[in-house]
Amino acid sequence: MTLKYYKTDRVSSLVEEFFHLTFDDSDLPFESTVLPVCYTAITFIFKNQHRFIYKKKETELSGLIVTGQFYESFQFLVEEKGHSFGMMLHPTTLYKLTKLDASKIKNKHVPLDLFSKELNDLLSPIFIEHEDNIPKLVQNLKLAILKLPSKKDSIVNKIDKLIDHIHSKEGMLNTYDLLAYVEYSQKTLENHFKKIVGLTPGKYIRLYRFVKLMRKYESNTIELKDLIHMYNYYDHSHFTRDFKHFMKQSPKDYFKSDHPFLNKYLNK
């Protein structure tokens with residue numbers, strides 16, 4: 001299994017990363033837990049098929065798919081050799097490009113044409129034409145994204161600034177802290193944030209904090225006990241509750257096993 005990233009440069013305000021994922025016979029069958037990282041994604045699965053299992057429900061997908069915000073981990077399975085190419089989008093990008101409610105695909109992987117036929121019809125031919133030339137694919141995707149009308153109004157601008165603030169604090173704040181930066185009521189803020197990002201601000205903050213902790217753990221830069229204190233968990237039991245929620249297993253079970261795929265994309 002190889003996972004390669006490509007520069008976003010000119011579209012970096014909209015796309016967090018471009019990624020190319022390849023599976024050979026020696027990798028199969030492949031299965032891994034995937035921890036959501038607070039971004040939506042658009043991915044083209046070429047020729048083979050991927051399976052996703054979330055809350056015991058299995059979804060089989062190929063072609064161009066969109067992945068909404070997930071608030072819990074899911075299982076990712078591949079049984080045929082092949083490759084996929086995708087782009088991880090900044091939290092507000094899907095809404096900017098489609099003007100559609102991002103919360104409608106929360107915890108879902110769906111064919112892009114079922115969410116936005118317009119975006120699907122624009123992007124799908126680019127993926128198909130350049131399947132065997134990834135650098136050319138990246139170049140043409142950037143050009144297409146730059147030409148797309150992007151919905152950017154005062155509300156979206158405010159949500160972008162709140163997300164920047166959440167990231168700068170590494171998720172160590174709460175929804176009430178955000179209210180100091182906008183003139184909205186808590187309910188109005190939650191409604192706007194959920195529609196534009198896909199999650200409520202409270203859920204986004206909780207997930208982002210956990211992801212930051214896991215990235216630091218996977219990079220082997222600090223001991224777990226110190227990370228738990230650093231990220232304001234009251235005690236180990238508080239951390240364990242969050243861990244079981246997001247990873248669907250106990251920290252003890254997780255840390256005694258290897259997770260090469262999870263390690264690779266968390267430690268990029």
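Is Gln-186 buried, partly exposed or exposed? The model is a predicted one, and in it Gln-186 has a relative accessible area of 28%. Buried would need a value under 20%, and exposed a value over 50%, so Gln-186 counts as partly exposed. Gln-186 is part of helix α7, which covers residues 186-197. Setting aside neighbours within four places in sequence, its contacts are Thr-175, Tyr-176 and Leu-179. Pro-201 is 15 residues away from Gln-186 along the chain, and 9.8 Å separates their C-alpha atoms.

Neighbours within four places in sequence aside, Lys-142 is in contact with Lys-7, Thr-8, Asp-9, Arg-10, Val-11 and Phe-18.

Strand β2 has two partners to consider. With β1, residues 2-6, it pairs in the antiparallel sense over five bridges, and Thr-2 stands opposite Thr-22 of β2. With β7, residues 82-89, the pairing is also antiparallel and runs over eight bridges; here Glu-17 stands opposite Met-88 of β7. In a regular strand, side chains alternate between the two faces of the sheet.

The structure holds one cavity of 30 Å³ or more, and the volume of the largest cavity is about 440 Å³. Its lining consists of 28 residues, and those nearest its centre are Phe-19, Val-34, Ala-41, Phe-74 and Met-88. The elements that each give two or more residues to this lining are β1, β2, β4 (40-54), β5 (57-67), β6 (74-78), β7 and α12 (260-266). Strand β4 gives the most, with five residues. By class, the lining of the largest cavity has 20 nonpolar, seven polar and one charged residues.

The nonpolar cores come next. The largest has 59 residues, and those with the most contacts inside it are Leu-35, Phe-76, Tyr-204, Phe-210 and Tyr-265. Helix α8, residues 201-218, gives the most to this core, with eight residues. Another core, of 30 residues, lies apart from it and includes Phe-18, Ile-42, Val-110 and Ile-134. Not counting residues up to four places away in sequence, Phe-76 touches Leu-21, Phe-23, Phe-30, Glu-31, Ser-32, Val-34, His-50, Arg-51, Phe-52 and Phe-261.

Some backbone details remain. Most residues other than glycine have a negative phi, and most peptide bonds are trans. The bond from Leu-28 to Pro-29 is cis, with omega near -5 degrees; Pro-29 sits in the loop between β2 and β3 (30-34). Cys-38 has a positive phi, near 75 degrees, and lies in the loop between β3 and β4. With a relative accessible area of 0%, Cys-38 is buried. Asn-107 has a positive phi as well, near 60 degrees. Its place is the loop between α1 (93-98) and β8 (109-111). The relative accessible area of Asn-107 is 17%, so this residue counts as buried.

Notes:
Residues are numbered from 1 along each chain as its sequence is written. This is a predicted model: local features need pLDDT of at least 70, side-chain atom pairs count only at pLDDT 80 or more; totals for chains, interfaces and linings use all residues. Side-chain values use heavy atoms; hydrogens and water are left out. Two strands pair if DSSP finds at least two bridges between them. Helices (H or I, at least four residues) and strands (E, at least two) are DSSP runs, numbered from the N terminus. On a 1 Å grid over the protein atoms alone, a cavity is a set of points where a 1.4 Å probe fits but cannot get out, and a pocket is an open set with protein on both sides within 12 Å along at least five of seven lines; lining residues have an atom within 4 Å of a point. Grid points are joined across faces, edges and corners, and a volume is the space filled by probe spheres set on the points. Ala, Val, Leu, Ile, Met, Phe, Trp, Tyr, Cys and Pro count as nonpolar, Asp, Glu, Lys and Arg as charged, and the others, Gly among them, as polar. A nonpolar core is a set of buried Ala, Val, Leu, Ile, Met, Phe, Trp, Tyr and Cys residues joined through side-chain atoms within 4.5 Å. Buried means under 20% relative accessible area, exposed over 50%, partly exposed in between (1.4 Å probe, protein chains only). Contact means heavy atoms within 4.5 Å.
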